[in-house]
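I opened this entry to look up charge pairs first, then rings, then the overall fold. My notes follow in that order.

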Amino acid sequence: MIKIAICDDNPAFTGTIQTYLDQIAEEYHLSLESSIFLSGSTLVQDYQNGNCYDLIFLDIEMNGMDGIETARAIREQDYHVLIVYISSHEEYLRQLFEAEPFRFLKKPVAYEDFLSIFLQAQKRILAMQNNYFCFRSGKNLSKVLCKDILYFESAGRKVILHTQKTTYEFYDKLNHVEESLKDFPFARIHKAYLVNIDNVASFQYERLALTDGTILNISEKNRPKLRNEFWHYFRKED
C-alpha cells in the first residue's frame with residue numbers, strides 16, 4: 001500500500017491527478033490510497049492529526065498557505081515523505097531546494113510525465129520500506145533501515161552510524177560502507193562523512209544541514225562535484 005496526498009486548490013486538477021493514479025493502479029496492479037486536499041493548511045492539519053503519507057503531489061501556487069510554506073510545515077513533522085512539486089512556472093526550482101523536493105512537474109501535466117515520476121517515487125518508497133544496512137558489532141549482527149540513517153562518520157578504525165534517535169559503532173572502513181551503499185542515495189562529502197541525501201535539509205557550497213540540525217562541512221575538493229550532484233539528484237528523471 002502506498003499512501004498518497006494530492007494538494008491543489010483547483011478541484012479539476014486534483015481530479016486529473018486522481019484519474020492518473022487510478023489508471024496506474026489498474027495498469028500496474030498496485031494498491032494505492034489517495035486523499036485530496038484543496039488547501040495547504042488542511043494538509044498540514046491532517047498531519048497534525050496524526051496522518052502521514054508516502055508521497056505528496058503539491059501545487060506551489062495556492063491561495064492562503066502556498067506549496068513552499070506547506071512543505072516547510074510538513075518537513076517539521078515528516079522527514080521522509082517524497083514531495084513532487086507542481087507548478088506552471090519553473091522559476092520556483094531554487095526556492096524548492098530547501099524544502100527537499102523529490103521531483104518537479106510542470107503544468108499542464110501529461111500522463112506520460114506523471115507516470116515516469118510516479119514510478120521513480122514508487123521505487124524509492126519500496127527501497128525505503130524494505131532496505132536495511134547491516135553491520136556486525138562484536139558478536140552481534142545489527143540492521144538499520146537505510147531511510148533512518150542520517151550519516152556515517154569515520155573515527156579511526158571504527159565507523160559511527162548516526163540516526164535521529166541513536167548512534168552505533170562498528171569496526172569497518174568508510175570506503176567499504178560507501179561501496180556497499182552505492183545503489184542508495186548516499187554521498188561522500190568529506191573523507192570522514194558519508195551522508196544520506198534524503199536526510200539533507202539544506203545545502204550550501206561549504207556545508208550542509210541534516211534534518212536533525214547537524215551541520216557537516218564539505219571538503220574543498222568535493223564541493224564542485226557535490227553542488228552539481230545534489231542539484232541534479234533532486235531534478236533527475238531515471
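I searched the whole structure for salt bridges and got 8. The model is predicted, so I only count side-chain atom pairs at pLDDT 80 or more.

I looked at K107 and D59 next. Their side chains form a salt bridge, 3.4 Å from N to O. K107 is in the loop between β5 (103–106) and α5 (111–130), and D59 is in strand β3 (residues 55–59), so this pair ties together parts 48 residues apart in sequence. Is D59 buried or exposed? I find D59 buried, at 2% relative accessibility.

I then checked K158 and E169. This salt bridge has an N to O distance of 3.4 Å. K158 belongs to strand β9 (residues 158–163) and E169 to strand β10 (residues 167–171), so the pair links parts 11 residues apart in sequence. Both ends are partly exposed: K158 at 27%, E169 at 41%. I also noted a network: salt bridges with shared partners join D8, D59 and K107.

K147 and D148 make another salt bridge, at 3.3 Å, N to O. K147 is partly exposed at 25%, and D148 is partly exposed at 29%.

On to the rings. I list 12 aromatic pairs. One cluster holds F133, F135, F152, Y168, F170 and F186. I also looked for charges over rings. R103 lies over the face of F102, 4.1 Å from the ring centre. The charged end of K3 sits over the ring of Y53, 5.2 Å from its centre.

Last, the fold. I read 7 helices and 15 strands in the chain. Of its 238 residues, 48% count as buried. The chain exposes about 12200 Å², with 46% of that from carbon and sulfur atoms.

Technical notes. Residues numbered from 1 in each chain as written. Predicted model: local features only at pLDDT ≥ 70, side-chain atom pairs only at ≥ 80, totals over all residues. Heavy atoms only, no water. Phe/Tyr/Trp six-rings, centres within 6.5 Å; stacked < 30°, edge-to-face > 60°. Lys NZ or Arg CZ within 6 Å of the ring centre and 35° of its normal. Helix = DSSP H or I, 4+ residues; strand = E, 2+ residues; numbered from the N terminus. Buried < 20%, exposed > 50% of the residue type's maximum accessible area, 1.4 Å probe, protein only. Areas by Shrake-Rupley, 256 points an atom, 1.4 Å probe, with all protein chains shown as cover. Salt bridge = Lys/Arg side-chain N within 4 Å of Asp/Glu carboxyl O.
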